[in-house]
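These are my notebook entries on one protein chain.

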Amino acid sequence: MKILFISQNIPFPPYYDGERLIVFNLIKELSEEHQIDLLSFAFQKELPYKEELSKYCQKINVFSKPSKKIFYHLFWFFLLKRRKIKREIKKFIKESSPEVIVVEGIFLSPLWEIFKEKPCILYAIDCFSLN
């Protein structure tokens, strides 16, 4: 089965937090019997982790997040308004042609309209009280 993971944070390193740990292990275990693609968002310093994830993912597309914490939550608001990013996400979904999409992260739920053409699982595992 072809599975596309869309994650609000790049799921590596897995020891960084519980969200990354869960998503990384899902990708790692599922990749043994399924083709996994990943679309994620990462800070500049996290971009080298694509190399590690390529052991488990066929295709990886990572969008950059702002490095300043103060702009982080505003980033998600403006992301939803940017047509260019929506087009790039749609293009990656089309190229990946997954049978199912797993969307991890509550911040990505407003993009649901992009995912609705395929069977989709919204997996919200974030703990806002700790942020």
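Entry 1. I looked up the bridge partner of Ser7 in strand E2 of this predicted model, and found Ser40. The pairing to which I then turned, that of E1 (residues 2-7) with E2 (residues 35-42), is parallel and runs over 6 bridges. I followed the chain from E1 through helix H1 (residues 18-30) to E2 and recorded a right-handed β-α-β crossover.

Entry 2. I next asked which residue of E4 is the bridge partner of Ser7. In E4 that partner is Glu104. Strand E4 covers residues 100-104, and I noted that E1 and E4 pair in the parallel sense over 5 bridges.

Entry 3. I checked the burial of E1, taking under 20% relative accessible area as buried. Of the 6 residues in E1, 5 are buried, so the strand is largely enclosed by the rest of the structure.

Entry 4. I turned to helix H4, which spans residues 83-96 and has 14 residues. From first C-alpha to last, H4 reaches 20 Å, close to the 20 Å expected at 1.5 Å a residue.

Entry 5. I listed the buried residues of H4 as Ile85, Lys86, Ile89, Phe92, Ile93 and Ser96. Viewed down the axis of H4, these buried residues fall within an arc of 125°, and therefore line one face of the helix. I found Arg83, Arg87, Lys91 and Lys94 exposed on the other side of H4.

Entry 6. I finally examined the residue just after H4, Ser97, and recorded a positive phi of about 40° there.

Note on methods: Residues numbered from 1 in each chain as written. Predicted model: local features only at pLDDT ≥ 70, side-chain atom pairs only at ≥ 80, totals over all residues. Heavy atoms only, no water. Helix = DSSP H or I, 4+ residues; strand = E, 2+ residues; numbered from the N terminus. Expected span 1.5 Å × (residues − 1). Buried < 20%, exposed > 50% of the residue type's maximum accessible area, 1.4 Å probe, protein only. Arc of directions from axis to C-beta. Pairing = 2+ DSSP bridges. Right-handed = clockwise from strand over helix to strand, strands pointing away.
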